[in-house]
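Here is a set of questions and answers on one structure. Please look it over before reading on.

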Amino acid sequence: MDKDKNKPQEPQQVEVLKKGDTSQEKRLILVRDVFPRTLPIVPLYNRPVFPKMTVPMIIDDEKTKKLLIDTTKSQSKFVGMVLNKERPEGQDQDQKPEMHSVGVIAEILQIAQLAPEAPIQVLIGAMERFSIQGIIHEEPYILAKVDYIMETEMAGNEELKAYSLSVIKSIKELIQLNPLHKEELSLFMSRSSLTEPGRLADFAAALTTASGKELQEILETISIRARLKKVLLLLKKEIDISKIQVQISKQIDEKISKQQREFFLREQLRAIKKELGLEKEGKEAEVERFEKRLKELKLTDEASERIHEEMEKLRLIEPASPEFNVTRNYLDWLTVLPWGVFTKDSYDIKKAFRILNRDHYGLEDVKERILEFLSVGIMKGNIAGSILCFVGPPGVGKTSIGQSIAKSIGRNFYRFSVGGIRDEAEIKGHRRTYIGALPGKFLQAIKTCKSANPVIMLDEIDKIGASYQGDPASALLEVLDPEQNRDFLDHYLDVRFDLSNVFFICTANQLDTIPRPLLDRMEVIKLSGYILQEKLEIARKFLIPKQLKAHGVEKKQITITNDALKEIIDGYAREAGVRGLENHIKKIIRKSVKKMIEKKGRKFTIGAKEVDSLLGKRIFTDDNYYKKPQVGVVMGLAWTSMGGDTLYIEATNVTTGKQEFKQTGQLGSVMVESSEIAYTYVRSFLDKDKKAQEFFNKNFIHLHVPAGATPKDGPSAGVTMAIALYSLAINKPVKKMVAMTGELSLTGRIMPIGGVKEKTIAAKRAKIVELIFPEENKKDFDELPAHIRKGLKPQFVSTFKQAVNLCF
């Protein structure tokens, strides 16, 4: 091998005559400084290249790769580097982009390709600017005719020197903000000086992150002074951007530093605690917490086996696993339930009597039933497995009686409403496979009460719903059956829990909408409502003191007289309960407080005359709008879910020459049938009365029950309708104001009805003394409290004829 081949080749030298040199003096220059007049063009896409700079590049375009490789193999290693213009909007992507007219000639210093298909790495040395004079050809690459732009030396120009110093000052300020450019500046200063202001301008422009368009503008600026001015503007903009970037970085660093500091401190604290035995790892701590809970519980065999299985499973699962949280939550519920934990019952009947009387006025029959119920539990030594259902109008104290029962026997109390529940999972829980699964309401109640024998109240059980998601009422059958609830199985827990020690109390406004199988499991206690005297006492003893305290008023400041209370009860709050009465008392106290504030501390006494001005026009007028008996008009007694009520039944006739009968008043199908039975029976009863028969044969008879907007139904108005038709047929009113109720059969029997207490209270509220009831309801009337029966004159009949004799 020839050893001289490895030696570096000396650059070839040639003698040239310096242009304009008249002295004919000769000097030597390098051949590579003599640039060709035509150049192959390498297109650039982002930024232009500036003269006197060495730039590494990676080329993956096949056409450009071939051009560079071919150029390297040729004698001339020069190429032109020209920036492409930005593609206008809407221009087809396949169309070749236009090039700028000014570029830089560059020499290929080094080229490398790791694989045939890989991009090539090339190091180029940029030299001078040129302008394209014309394109010779575009395939297989662009070959252009160029004219070189040589800079004039302006080293002695003081103005340019000042510009150069400003540029260097700006570059130093930029380097303080962005130290990455420090090495580039050091390299440049070692090879250049202030005597080359043009080169300094090009270098400064290359340091910035300006757009390709802005940098191309610098490249195309031939005047050094103008170029330095433009570069100073670019540097100023770059400094401002760097300052903002530094500020953002500082904020992020501070935040990260704080988080890292807190993280390290927590890790150190955890390590110290672990070393001292104060804290264990997350999984170990969870297991220890569950084991600590288990020591206080009396688990069933099934629950104990399941818990230990899950604990072993928890020990094997990594905390990062999704299954870890599911298992931990399941164990949390299993161990937090009070397995075998009971509160001690108070078997003191006198205490229970005191609490019931303290919290409630009236309802003597209800209290008696409750005390009887508790007495049986005391005798057995266990009140477990009891299910009561309080039925009555809103506001009569169903929920508060349940709370009083819990206090009297010393148990924890939990209330939730089942009204409107349409999903069986609310009762029996969700399966654990669902996200966010929870046990049902009953196990949640047990967890909250922290005992396995609380008093649980199910409010509004008559309003429970059903949907495609299940029938909650059917799910309640297991819960409310003492024979089944000892093995209650919740879908989430999937372990049997004993609910037989729970004292269940349900409340409802009516029994009609409660499914019969569910109703059979409960002992029903009816709360009928309050009469005026009871409401008066409740307002004086409970409602007024409660509302005065709630409004921050002393008893001496506002006084509501008994006459005012009677006016409120009779004219504004006739419902069976006391909720409406309490709302009207609130309104009176609010208005009185406003006047006290305005008149600075004046005391107020509210009498019957002031009620009208405070509450507005009376809501209820006198029910006895018939001041004296009239033909075809009779007062009946009705039962509603809001309590008892009085209503008039009216009958009139129109002579049409033919018999006809019609009834109105939004009557239900049962009530329509009752009216037809009454019409038929009265005609049969007066069969021997020719005058009456002629009346029926030649008259259109219309029976109406006022308050036509209110739906009415039921059989108990049969006798009332018959008496009204009888009065119309004989053209004679009843001899005195009397109210009646009873179902009439087609043979004239007066059959028993329900709601005797509610109907009696309604009659007493309407100040009716004479009452007619079916004979078989006598025992129901006799069981009413003495204060309700006081002042009433009831008559009991078994046939229509007896009712006629009493009325006429």
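The turns below go from the whole chain to its sheets, helices and single residues.

Reader: What kind of model is this, and how many helices and strands does the protein chain have?
Author: This is a predicted model, in which local features need pLDDT of at least 70 and side-chain atom pairs count only at pLDDT 80 or more, while totals for chains, interfaces and linings use all residues. Residues are numbered from 1 along each chain as its sequence is written, and side-chain values use heavy atoms, with hydrogens and water left out. Helices (H or I, at least four residues) and strands (E, at least two) are DSSP runs, numbered from the N terminus. The secondary structure of the chain comes to 27 helices and 26 strands.

Reader: What share of the 808 residues counts as buried?
Author: Buried means under 20% relative accessible area, exposed over 50%, and partly exposed in between, with a 1.4 Å probe and protein chains only. By that rule, the share of buried residues in the protein chain is 44%.

Reader: Among contacts between residues at least 6 apart in sequence, what share joins residues at least 24 apart?
Author: A contact means heavy atoms within 4.5 Å. Among the contacts of the protein chain that join residues at least 6 apart in sequence, the share between residues at least 24 apart is 73%.

Reader: Which strands stand at the edges of the open sheet of five strands?
Author: Two strands pair if DSSP finds at least two bridges between them. The order in this sheet is S10-S11-S14-S9-S15, with parallel pairing. Each edge strand has a single partner strand, so one side of it is left without a neighbour in the sheet; these strands are S10 (413–417) and S15 (523–526).

Reader: By how many degrees are neighbouring strands of this sheet turned against each other on average?
Author: Axes are lines fitted to C-alpha atoms, for helices over the stretch in contact, and angles run from 0 to 180 degrees between N-to-C directions. For neighbouring strands here, with direction ignored, the average turn is 20 degrees.

Reader: Which residue is the bridge partner of Cys389 in S14?
Author: Strand S9 (residues 387–391) and strand S14 (residues 503–508) run parallel and are joined by five bridges. In S14, the partner of Cys389 is Cys506.

Reader: Which helix packs on the sheet by touching S9, S14 and S15, and which lies across S10, S11 and S14?
Author: The helix touching S9, S14 and S15 is H11 (residues 364–380), whose direction makes about 150 degrees with that of S15. Running at about 150 degrees to S10, the helix that lies across S10, strand S11 (455–459) and S14 is H14 (residues 441–449).

Reader: Which residue of S6 is the bridge partner of Gly80?
Author: Strand S5 (residues 78–83) pairs with strand S6 (residues 102–113) in the antiparallel sense over four bridges. Strand S3 (residues 38–44) is also joined to S5 by four bridges, but runs parallel to S5, and Ile41 stands opposite Gly80 there. In S6, the partner of Gly80 is Ile105.

Reader: How many of the six residues of S5 are buried?
Author: On one side, Phe78, Gly80 and Val82 are buried, and on the other Val79, Met81 and Leu83 are buried, which leaves both faces covered. The number of buried residues in S5 is six of six.

Reader: Through how many residues does the hairpin join S6 to S7?
Author: S6 pairs with strand S7 (residues 120–137) in the antiparallel sense over 10 bridges. The hairpin joins S6 to S7 through six residues.

Reader: Is Asp494, with its positive phi, buried or partly exposed?
Author: Asp494 is in the loop between strand S12 (488–489) and strand S13 (496–497). Although Asp494 is not a glycine, its phi is about 55 degrees. With a relative accessible area of 33%, Asp494 is partly exposed.

Reader: Is Lys767 buried or exposed?
Author: Lys767 is found in the loop between helix H24 (756–765) and strand S25 (770–774), with a positive phi near 60 degrees. At 67% relative accessibility, Lys767 counts as exposed.
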